[in-house]
Amino acid sequence: MRNTGTKTWFTAAELADLALPGLPSAKRKVNERAAEERWALASDDSGQPLARPRAGRGGGMEYSIRLLPATARAELVRRGVSIAARVIGRQDEGASQLWSWFDQQSDKTRVEAERRLRIIERIDCFEAGGMTRSDAVAAMADSGAASRSTLWAWLKLVEGVAPADRLPCLAPRRRGGGAKSEIDAEIWQFFKSDFLRLEEPSLSSCYLRAQELAASRGVDLPCERTLQRRLESEVDPRVIIARRKGAEALRRSMPAQERSVAQLHAMQAVNVDGHKFDVFVRTEDGRTIRPIMVAIQDVYSRKLLAWRIAESESAYVTRLAFADLFRTWGIPLECLLDNGRGFASKWITGGAKTRFRFKIKDDEPTGLLTSLNIKIHWATPYRGQSKPIERAFRELADYVARHPAMAGAYTGNKPDAKPENYNSKAVPIAEFRRQVAKGIAIHNARGKRQTEMARGRSFDDAFAESYASAPIGKASPEQLRLALLAAEQIRVDRRTGELRFMGNRYWSPEMSGYHGRIVTVRFDPENLHDPLHVYDQAGAYLLSADIIDKTGFFDVAGAKRRAKQEAELRRAVRTATQMEDLLDAEQLAAMLPDHEDDDAPIEASIVRPVRHRATAGALAREQRSHENFTADFSSAVEKLRLVK
């Protein structure tokens, strides 16, 4: 079907080929709808029929554009198939759809429409001056504006259109150049499936493979550009992103979520995470490592409050960082953590029912944050945007890792970005810690921050302003002890009451009351000779157990200490026994009631018959045995009589 821009009558086959929204795309279905809605009997307000016999070979019916749904008419306008659809749409619904289409066009299209409108307006001026329309068109054609046929076509486009709506009517429209290219369904499916893979093959390579498959089946394949246009028009761009780049790329195609901290205050919520520096560092024992920093950031002000440098991310380093936070600033109400092993460890978040890692056990020790009633929030795994501290790590990576003092020790932030002087030296860990502390101080004090709470100030200023008036919980010595000591769960020896832990034995006289019980011990991993602090599973403090040192085989002092401990144990037990005011055995016997014997036999109220269950052979053997016994007994008596 040739698009002239003025077509107002369509056959069922033409409507099916156009595949308009609101109409079926099959000729049979269009005819069924025409029959259901009685298009053949429809007429306009003036009584003119909206259906007519088709002139030409084949016959059939043609239907007026007025019978089509509004969405179908708008699509005809968009494609430039029929300008009459715009006039009808304006009469029925207004010209908003036509102007909406015009707003979506390129600047080149709008400029050309404005040029045509100025030419039409000059023709109107010539007519207003007394010239006939034919003379006005001839005059404009002679001026080189356009050919006469083109000018008459433009005048026809705006015929009956209000002057205010002429501009979109005169806009040039791209018209289809012919029938839609046919592509074998299986070849098309193969091409799409090949292109929509995570390996992101080029469109040209996919086309070559589709061409090879089509040749093997004897099927014609359109050119590569045709397949590309069809892919762009039929496949949702979101599907292309998801299939070729993955779910994360699809998520990033959406605007990022912005979260406000205006309702918080300083030290209400903190964010903790670890960062591995791209620097070679030499430890005290001469090893070369890439150090890890566990840092804690105030969510409200974005200030870094506490940090620790270690060889690897662990619960021990995390606990020490929290101890620094508690000692210097206080105890926060909430904490945002990553689900790394150093943070989901039972030493830190044991007892929290929302931990990502490990199986939750009812008898596991209570973690540091859980025991202090700090509300735990888990950041989404592999989602750096959900952790505000990642921005601070990016700044420190630039300032500290690329500092002049790190020259030769910088490793690069990825394998293919190694500097020329890679691994030429390693920075002493003491110097590295000093540079990190300096970098964090500069990071906190740097002005002109554009965060929600800083508003052009530094993180230090934003934190200090809120911290001065915020309710802050201060850490007691007992709470600091919880932070500095690690926790582990062990069972008290059932027989001796001692604790066997890390190859050592620990004991206290008070342990005698906890034989066989499971307890939580808190200890300093760097000094196992210090006493163990023993807690029950609910976190209540019980006692302190000292280490039992090994003694020499002939150590007299050690033997005396042991004897003294045994004597103290006996004395304590004796004192405890006296406090119980127990009765001796004679007193217990005297307290029992006396029982008199009754000589009268007790008659059974129910007699149970006893039946012999032996076989007949057994009964015969028993009879012979009895007879033999009787004979032997009689013979023995006779011999005794003769002896006398």
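This is a predicted model: local features need pLDDT of at least 70, side-chain atom pairs count only at pLDDT 80 or more; totals for chains, interfaces and linings use all residues.
Start with the three strands that form an open sheet, ordered S1-S3-S2 with antiparallel pairing. Select S1 (9–11) and S2 (51–53): these strands stand at the edges, and each has a single partner strand, so one side of each lacks a neighbour in the sheet. From one strand to the next, the twist averages 35°.

Now select S3 (residues 61–64) together with S2; the two pair in the antiparallel sense over three bridges. To find one point of this pairing, pick Pro53, whose bridge partner in S3 is Met61.

**Helix H7**

Move to H7, residues 133–142, and show the side chains of Ala136, Val137, Ala138, Met140 and Ala141, which are buried. Then step to Gly144, which follows H7 and has a positive phi, near 90°.

**Helices H19 and H20**

Next, select H19 (residues 389–399) and H20 (residues 429–445). Their axes lie 10 Å apart and the helices pack at an angle of about 125°; H19 and H20 are therefore oblique to each other. The crossing of H19 past H20 is right-handed.

For the contact itself, show Ala392, Glu395, Leu396 and Tyr399 on the H19 side, and Lys438, Gly439, Ile440, Ile442 and His443 on the H20 side. Coloured by class, this contact shows five nonpolar, two polar and two charged residues.

Methods
Residues are numbered from 1 along each chain as its sequence is written. Side-chain values use heavy atoms; hydrogens and water are left out. Axes are lines fitted to C-alpha atoms, for helices over the stretch in contact, and angles run from 0 to 180 degrees between N-to-C directions. Helices (H or I, at least four residues) and strands (E, at least two) are DSSP runs, numbered from the N terminus. Angles under 35 degrees count as roughly parallel, over 145 as roughly antiparallel, 65 to 115 as roughly perpendicular and the rest as oblique. A crossing is left-handed if the near helix is turned anticlockwise from the far one by less than a right angle, and right-handed if clockwise. Contact means heavy atoms within 4.5 Å. Ala, Val, Leu, Ile, Met, Phe, Trp, Tyr, Cys and Pro count as nonpolar, Asp, Glu, Lys and Arg as charged, and the others, Gly among them, as polar. Buried means under 20% relative accessible area, exposed over 50%, partly exposed in between (1.4 Å probe, protein chains only). Two strands pair if DSSP finds at least two bridges between them.
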